[in-house]
Amino acid sequence: MLETPLLLAPIAGYCDLAFRQVARSCGGVGMASTDLLCPEGLLRETYKSMQLSRTAAGDWPLSMQLYGGEADKLCEAARWAMDHGATSIDINMGCPVDKITKRDGGSKLLCDPDRTVKMVERVRSVVTDRPLTAKMRLGWDDTCIVAPELARRLEESGIDLVTVHGRTTEMRFSGQARLDGIAEVVAAVKKIPVIGNGDIHCSADARKMLVHTKCNGLMIGRAALGKPWLLAEIWHELTTDTAYVQPTLEAKVDMIRRHFWGQVENRSARAAVVDFRKRISWYAKHLQPCPEFKEEIRLLKGPEEFDEICQRFLVWRAEGRSAEKNSRNVVIV
């Protein structure tokens, strides 16, 4: 039983261990997931796969998400994942990226439901002592909406939970998530939980999806990348009907610091620097105004500069607040 029905999504390139740890520390996370994991990489224990699958104390419950279309390799990878800390195993049926679909993985599995169901039955025969789940899209395109029927068949094959992103592969991340499509999946299954995914940025979005689709929980992805406290905020507002108290600027910067230094520890200084040059754009949305801070992180050369840049930003903002306060106190005579 999860503490909350809010799941942190497996986002390729972004849901690293350090980020999961920061998000969990904020609260609200019922379960988090690893990045997409390549079965061949896990079985060969390549450097990249070991980094993507890395976990630690407190990183629990944890879903390890596998992608691919070969049943034998998925079975072996599922065994590996169970031996290395996975609370549950998830099969990716929703990634629209070409390098995944061209390997018959991700949302390409939606194009051949019969083969996909047989593959899931094989994996189910291996994953016998913990949940086996699937994350899917509505279909490949509007001519191939298979999610309701596929979810029904997956339930019969032993899947314990399905997550549905309310878009087709062809849509990628454009347009709006289709709540009616998710509702059809909810209506198609008998007992297993259905998790809704797509366009959840606040508690109002969350409540709308829950009411409209009757889904059992929510998976939140890109909206949390610069706002790791988002799941805590949504859970608080859903359960108390009171506004969540937003973190202070200092608390937000502390999260950024912990994320950065967690990456240094879990990966490498070089990887952390390179990654944060792109990550800062997500965080900057919730730090405004921060033009110089954002630019300095983009130009970051080494980890030794990171804390100094953060501190300089906090001082600059504090001075700005002080100047604003003084200007309001000026008396014109």
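**Cavities and pockets in a predicted model**

User: In this predicted model, which residues lie nearest the centre of the largest cavity?

Analyst: The lining of the largest cavity is made up of 14 residues, and these divide into 7 nonpolar, 5 polar and 2 charged. Strands β1 (6-8), β2 (32-37), β3 (62-66), β5 (132-137) and β6 (161-165) each supply at least two residues of that lining. Nearest the centre of this cavity lie L7, M31, S63, D90 and M219.

User: Which helix gives the most to the lining of the second largest cavity?

Analyst: The second largest cavity holds about 40 Å³ of space, and its lining consists of G226, P228, W229, K252, M255, I256, Y283, H286 and L287. By class, this lining has 6 nonpolar, 2 polar and 1 charged residues. The element that gives the most, with 3 residues, spans residues 249-266 and is helix α11.

User: About how much space lies in the largest pocket, and which residues are the closest to its centre?

Analyst: The space in the largest pocket is about 720 Å³. Of the 35 residues that line this pocket, the closest to its centre are G13, D35, L36, K48 and L52.

User: How many charged residues does the lining of the largest pocket have?

Analyst: Several elements each supply at least two residues of the lining of the largest pocket, among them α1 (17-26), α2 (39-44), α3 (47-52) and α12 (269-284). Strand β2 and helix α11 are also among these elements. When the lining of the largest pocket is sorted by class, 16 residues are nonpolar and 8 are polar, while the charged residues number 11.

User: Which elements give two or more residues to the lining of the second largest pocket?

Analyst: About 530 Å³ of space lies in the second largest pocket, which is lined by 29 residues, with P10, I11, H165, F173 and R222 nearest its centre. The elements that give two or more residues to this lining are β5 and β8 (217-220).

User: How do the residues of the lining of the second largest pocket divide, and how many of them are charged?

Analyst: The lining of the second largest pocket contains 16 nonpolar residues, together with 8 that are polar. The charged residues in the lining of this pocket number 5.

Key
Residues are numbered from 1 along each chain as its sequence is written. This is a predicted model: local features need pLDDT of at least 70, side-chain atom pairs count only at pLDDT 80 or more; totals for chains, interfaces and linings use all residues. Side-chain values use heavy atoms; hydrogens and water are left out. On a 1 Å grid over the protein atoms alone, a cavity is a set of points where a 1.4 Å probe fits but cannot get out, and a pocket is an open set with protein on both sides within 12 Å along at least five of seven lines; lining residues have an atom within 4 Å of a point. Helices (H or I, at least four residues) and strands (E, at least two) are DSSP runs, numbered from the N terminus. Ala, Val, Leu, Ile, Met, Phe, Trp, Tyr, Cys and Pro count as nonpolar, Asp, Glu, Lys and Arg as charged, and the others, Gly among them, as polar. Grid points are joined across faces, edges and corners, and a volume is the space filled by probe spheres set on the points.
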